[in-house]
Number of protein chains: 4
Amino acid sequence: MVVVMKSGASQSQIDHVVKLVREIGLKDHVIVGTERTVVAVIGDDRNKDRSRFETVDGVEKVVPILAPYKMASKEVKKERTVVPLGGTLGGKVGSQKVGVIAGPCSVENKAQLLEIAHMVKEAGAVGLRGGAFKPRTNPYSFQGMGEKGLELLALAREETGLGVVTEVIAVEQVKLVAKYADVLQVGARNMQNFNLLTAVGEEGKPVLLKRGMSATLEEFLLAAEYIMSRGNGNVMLCERGIRTYEEYVRNTLALAAVPELHRVSHLPVVIDPSQGTGKSYLVDSMCRAAVAAGADGLIIEVHNDPEHALTDGAQSVTPQQFAEMMRAIKRVAAAVDREA
Amino acid sequence: MVVVMKSGASQSQIDHVVKLVREIGLKDHVIVGTERTVVAVIGDDRNKDRSRFETVDGVEKVVPILAPYKMASKEVKKERTVVPLGGTLGGKVGSQKVGVIAGPCSVENKAQLLEIAHMVKEAGAVGLRGGAFKPRTNPYSFQGMGEKGLELLALAREETGLGVVTEVIAVEQVKLVAKYADVLQVGARNMQNFNLLTAVGEEGKPVLLKRGMSATLEEFLLAAEYIMSRGNGNVMLCERGIRTYEEYVRNTLALAAVPELHRVSHLPVVIDPSQGTGKSYLVDSMCRAAVAAGADGLIIEVHNDPEHALTDGAQSVTPQQFAEMMRAIKRVAAAVDREA
Amino acid sequence: MVVVMKSGASQSQIDHVVKLVREIGLKDHVIVGTERTVVAVIGDDRNKDRSRFETVDGVEKVVPILAPYKMASKEVKKERTVVPLGGTLGGKVGSQKVGVIAGPCSVENKAQLLEIAHMVKEAGAVGLRGGAFKPRTNPYSFQGMGEKGLELLALAREETGLGVVTEVIAVEQVKLVAKYADVLQVGARNMQNFNLLTAVGEEGKPVLLKRGMSATLEEFLLAAEYIMSRGNGNVMLCERGIRTYEEYVRNTLALAAVPELHRVSHLPVVIDPSQGTGKSYLVDSMCRAAVAAGADGLIIEVHNDPEHALTDGAQSVTPQQFAEMMRAIKRVAAAVDREA
Amino acid sequence: MVVVMKSGASQSQIDHVVKLVREIGLKDHVIVGTERTVVAVIGDDRNKDRSRFETVDGVEKVVPILAPYKMASKEVKKERTVVPLGGTLGGKVGSQKVGVIAGPCSVENKAQLLEIAHMVKEAGAVGLRGGAFKPRTNPYSFQGMGEKGLELLALAREETGLGVVTEVIAVEQVKLVAKYADVLQVGARNMQNFNLLTAVGEEGKPVLLKRGMSATLEEFLLAAEYIMSRGNGNVMLCERGIRTYEEYVRNTLALAAVPELHRVSHLPVVIDPSQGTGKSYLVDSMCRAAVAAGADGLIIEVHNDPEHALTDGAQSVTPQQFAEMMRAIKRVAAAVDREA
């Protein structure tokens with residue numbers, strides 16, 4: 001970090017900053033400029049509380065130099081991480097082939113789930129999404145089928161070979177969900193539920209980590225770091241739209257996150273164009289754009305009867321639309337030297 | 001809700017919307033305008049998934065009319081809620097007197113906590129804040145003292161009479177924290193941790209609920225509704241700054257939330273100017289502004305040695321600064337016919 | 001619009017709203033629901049001040065139904081608009097071929113401009129960008145070469161056949177810039193400089209209109225409407241990134257604007273990945289994503305010596321990088337049945 | 001600025017940065033840390049394009065140290081600026097007394113303006129606001145009375161002694177508006193209309209500069225710098241709400257801007273709670289909060305018949321409400337050792 005002193009800071013104020021730097025085991029390097037004096041702090045200050053320096057007399061601001069995450073960083077691991085999606089189809093995210101995960105927002109019943117699962121598999125998906133435990137904004141809304149939903153997901157895997165990706169919303173459910181699922185999804189609202197991150201880190205199954213709706217990329221990577229620091233390196237980073245002032249979409253899909261995350265991290269990046277727009281008519285073009293931008297995976301909401309979907313009807317595409325989208329996705333993937 | 005049809009929607013499309021409205025037990029009222037046909041939906045649709053209508057052919061958009069929360073609403077309860085803060089000082093939030101809660105970001109040790117507790121009590125605080133379990137963005141940062149910290153908080157209450165307000169970050173901690181605390185704080189990162197909201201709702205102790213950093217007021221009130229729907233009506237709504245593009249503050253403190261929440265809800269409103277700005281030099285003026293805007297309570301970070309605080313040094317004021325601030329707060333409170 | 005009355009609004013309050021509706025020449029339709037009474041307003045209220053209804057006693061809120069723009073809307077003109085870029089290469093934006101505009105942020109001197117112009121033409125660009133009048137945040141920064149820069153742009157057109165796209169920042173410059181340029185660019189900071197919009201509308205040359213950095217799509221289309229309402233239908237809508245809380249980019253490029261603008265408007269859409277990210281290393285992938293999303297044009301900053309660029313060095317790519325990008329863009333364009 | 005090299009940057013990359021630093025006449029100071037090498041740049045780089053360094057091989061990022069504005073800064077001028085509002089009442093902004101400016105959004109006719117002017121004067125206002133040239137988002141909306149409106153404003157000044165504050169929206173209007181007005185208002189949409197800023201700087205009359213709806217404070221102060229650099233030091237900074245994801249308000253009023261602007265600049269700060277919320281029922285509490293936060297002035301929309309206002313009815317208060325608000329404002333002002 002660099003501690004910038006105020007214009008006219010006194011020598012004793014500078015000395016005091018130096019003393020504080022040394023107290024926490026780091027080295028100082030004082031630079032007297034024509035406009036400001038700055039104290040450059042030398043050493044690894046990733047785990048130090050930089051904010052304390054801001055409160056010191058004579059300090060104008062503190063500028064961090066090092067990103068605080070390590071295991072998620074390309075500095076620590078150069079080769080890209082490939083995460084298996086489970087099932088018998090051998091789906092992966094992070095390899096040359098874009099891994100497509102599709103399915104309903106919520107598991108609603110056996111007929112619904114199996115019909116959708118077969119159709120998305122036919123169209124080229126390798127993973128099946130479907131919520132059994134639903135984090136709902138409204139306490140009076142449908143909260144998911146619970147374990148019964150997990151059983152149906154496992155059945156759908158048996159019938160289709162698709163890997164099962166499903167959300168876990170509480171520490172006490174981790175064991176249960178892990179019993180049925182191939183990939184544990186941590187939702188945007190739980191991206192900073194640190195106990196949950198720790199629990200899925202300890203469980204060990206691959207994790208699809210969604211970016212919080214107003215998380216910075218640094219916070220996102222620190223959330224991944226929580227999971228990885230417990231020994232679980234199989235983390236997929238999922239951009240699902242951020243909250244902005246825009247009102248024609250539910251969220252603003254920030255696709256530049258794809259190349260930026262690839263630049264700083266070895267973890268694969270998945271795009272969720274369904275949550276990322278909230279409008280089924282925008283999903284198709286955002287899938288194509290995501291693949292063109294270099295996304296390693298897609299997760300897409302598909303429902304066989306969106307008008308009667310229990311959740312998220314507005315952003316679900318039909319299996320027929322999905323099949324058509326997959327044809328377009330494959331063409332774009334080929335144009336950027338990938339497959340789908 | 002009102003379902004707005006596209007320009008040129010066909011009669012059969014309109015009929016189909018009407019059919020879907022009736023399917024969910026509501027009444028329709030079709031209005032043929034000169035520019036658009038709209039289907040007004042009559043009845044309580046608060047718990048219906050409105051989004052499904054957006055996916056129907058011929059529909060342009062769906063406009064909600066009713067706010068989805070009930071128990072948090074002034075429509076259901078006209079008289080304002082007053083929440084007790086515990087301890088022997090009789091502190092309350094929601095009454096004519098502004099309830100001030102103060103203390104360190106984290107409990108660090110006995111000497112630190114007791115010194116601060118005595119000083120903030122002297123200055124006029126009625127509640128003591130202090131984190132024993134800390135939700136930290138960085139997995140390598142100090143995570144709090146745990147139960148030992150709770151014991152120290154209880155000791156400080158015994159010595160000073162201040163009510164104890166402390167954060168609970170996981171369902172499995174609720175019982176433990178409730179054993180020591182007077183008020184359970186749910187942090188911004190957990191505002192949509194619905195299992196935690198349910199658990200603190202069932203526990204029954206007063207709750208200080210912080211607004212998520214990008215939560216709308218509707219989402220904020222629905223989070224309160226989760227707690228209230230479990231039988232716990234003692235909820236304080238705490239505005240602590242929202243995430244915007246502004247970069248001179250850690251968060252943008254949205255003080256218009258105070259009169260707006262008072263307009264739509266009977267729950268008392270607390271302002272956190274420490275988190276809400278992230279800069280100790282902005283806390284004083286934001287305390288005064290909050291009280292002038294009608295806030296029912298304040299929660300303020302105070303540390304006896306900010307330069308060595310383990311967490312959030314940059315936004316902590318000293319006990320001496322706090323005492324001075326309290327004198328200013330009392331004057332402003334009097335000017336708006338309240339006390340502090 | 002729909003005027004939603006408060007719960008418990010009196011009959012005389014409802015009658016008063018009805019009276020106000022009729023005063024402005026519209027029809028009312030009162031719907032008494034179980035929870036709320038709403039007054040549906042029938043007729044074209046696009047140019048009425050809806051906000052006045054919000055202030056009326058007993059009114060809870062006013063919900064607009066009709067978008068306020070007309071000429072920019074697909075309701076008024078179904079066929080897509082194709083805008084010519086000028087020069088002798090026959091470049092267009094809005095046709096099957098994606099129109100690529102490239103060049104330096106600022107015109108700096110003859111050698112620089114001609115070298116870049118020749119190289120981007122070789123690589124496949126059909127338009128040349130380059131600022132002669134620069135809107136600079138800092139009053140002490142380089143403000144552009146002025147008319148001398150315009151002369152160089154015209155010279156570059158003569159030598160290469162590229163159409164010239166350059167920014168006009170003041171009403172009094174419109175005539176001068178139009179003398180040299182093929183396309184007048186209105187920058188993001190001037191998107192709501194209504195006098196300038198009117199002036200370029202009256203001038204008649206094609207306009208590249210940049211989205212304001214926090215403009216909604218409705219405001220963006222209303223800005224286009226200003227130009228079109230003066231008889232100039234040759235407007236290109238340019239998404240150049242919006243201001244959000246994200247800090248790894250200069251702006252967040254909102255690519256879902258492409259399909260959404262295509263859905264509601266007949267005007268072509270151009271993407272600016274240079275401004276839209278602010279980082280040269282993100283430009284390549286965002287160009288590909290933009291084309292995959294359906295963009296009709298791209299505008300890209302290219303500099304032959306970014307380290308010594310007078311403006312925007314950080315987001316400029318070299319001519320060599322640009323040539324490589326164009327090859328990738330052509331492949332993606334083909335994959336979505338277009339050319340580039 | 002500090003140029004941070006990538007981990008593993010080569011010596012020749014570092015040397016190249018040093019060379020570039022020297023090329024622009026500044027000094028370098030290389031610090032080899034354990035994790036990164038940084039090149040501290042010594043000297044005044046306020047007017048240098050820092051972004052060019054970002055494009056250099058081996059550079060990770062560039063961190064600015066100095067704020068780019070000078071004349072607006074407290075480093076250059078310690079004593080606070082007091083701006084006269086004109087008229088015969090001696091109103092000022094920046095002195096111990098809070099200067100209140102009130103009046104209609106638009107001048108509509110003589111009777112309306114004079115009635116409002118007399119009533120706001122009675123209640124304690126010292127300035128009269130009222131738009132004669134209106135920047136309207138919608139080209140079909142009322143655009144203001146033009147010069148006729150300016151004449152009415154001058155008449156109202158004659159009758160009441162109030163200083164006249166009115167908006168100028170184009171360079172070519174500056175002379176005309178200055179002929180009638182005491183204070184030239186530059187609106188939020190024109191905060192970065194640099195030609196207009198220059199023109200009002202050269203004109204010399206006091207300026208009320210509104211913050212752009214997504215401007216940072218640095219951009220805001222640079223806009224003030226444009227005006228001041230032309231010799232006009234009488235600039236009032238007006239916070240009028242910023243654009244965020246919040247939807248219950250038209251804008252989010254960022255009151256922490258008051259103490260922050262006071263901390264870094266000597267210019268007085270005015271708050272616009274009408275634009276800053278967009279809801280008349282929020283104006284009262286935000287006025288009180290603004291004064292408690294230390295605002296030097298307020299600008300408030302008052303209309304004698306909001307239901308029939310031609311513009312901004314929803315955010316206008318009545319003269320009766322204004323008079324009551326002024327009584328509350330005076331009490332809060334006294335509580336923070338000021339008057340109103």
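Colleague: Let us begin with charged pairs: with which residue does C:E219 form a salt bridge?

Modeller: A salt bridge is counted when a side-chain nitrogen of Lys or Arg lies within 4 Å of a carboxyl oxygen of Asp or Glu; C:E219 forms one with D:R243, and their closest N and O atoms are 2.7 Å apart. This is a predicted model, in which local features need pLDDT of at least 70 and side-chain atom pairs count only at pLDDT 80 or more, while totals for chains, interfaces and linings use all residues. Residues are numbered from 1 along each chain as its sequence is written, chains are lettered from A and ligands numbered from 1 in the order in which they are written, and side-chain values use heavy atoms, with hydrogens and water left out.

Colleague: How many salt bridges and polar pairs does the rule find across the interface of chain D and chain C?

Modeller: The rule finds 4 salt bridges there. It also finds 26 residue pairs in polar contact, both residues being at pLDDT 80 or more; a polar contact is a pair of N or O atoms within 3.5 Å, where within protein one must be able to donate a hydrogen and the other to accept it, and where residues adjacent in sequence count only if both atoms are side-chain atoms.

Colleague: What rotation superposes chain D on chain C?

Modeller: Copies are superposed by least squares on the C-alpha atoms of residues with pLDDT of at least 70 in both; for chain D on chain C the result is a rotation of 180° with 0.0 Å of shift along its axis, at an RMSD of 0.0 Å. That is the relation of a two-fold axis. In chain D, the C-alpha nearest the axis belongs to D:S214, at 3.1 Å from it, and 100% of the contact residues of chain D recur in chain C, the same surface serving both copies.

Colleague: Let us turn to the other pair: what do the figures say of chain A and chain B?

Modeller: Here 53 residues of chain A are in contact with 53 residues of chain B, and the buried area is about 4400 Å², with 45% from carbon and sulfur atoms. The rule finds 4 salt bridges across this interface; A:E54 forms a salt bridge with B:K279, the closest N and O atoms being 2.8 Å apart. Since 100% of the interface residues of chain A are also interface residues in chain B, the copies meet through the same surface.

Colleague: How is a helix read, taking α10 of chain A as the case?

Modeller: The expected span is 1.5 Å times one less than the number of residues; α10 (residues 319-335) of chain A has 17 residues and reaches 24 Å from its first C-alpha to its last, close to the 24 Å expected. Its buried residues include A:F322, A:M325 and A:I329, where buried means under 20% relative accessible area, exposed over 50%, and partly exposed in between, with a 1.4 Å probe and protein chains only. The partners against which the buried residues of α10(A) pack include α3 (110-123) of chain A and α10 (319-335) of chain C.

Colleague: What should I make of backbone angles, and what is phi at C:D312 and C:D337?

Modeller: Most residues other than glycine have a negative phi, and most peptide bonds are trans. C:D312, although not a glycine, has a positive phi of about 55°; C:D312 sits in the loop between β14 (297-301) and α10 of chain C and is buried, with a relative accessible area of 13%. C:D337 has a positive phi near 60°; C:D337 lies in the segment after α10 of chain C and is exposed, with a relative accessible area of 52%.

Key:
Helices (H or I, at least four residues) and strands (E, at least two) are DSSP runs, numbered from the N terminus. Contact means heavy atoms within 4.5 Å. Buried area is the accessible area (1.4 Å probe) that two parts lose on being put together, summed over both.
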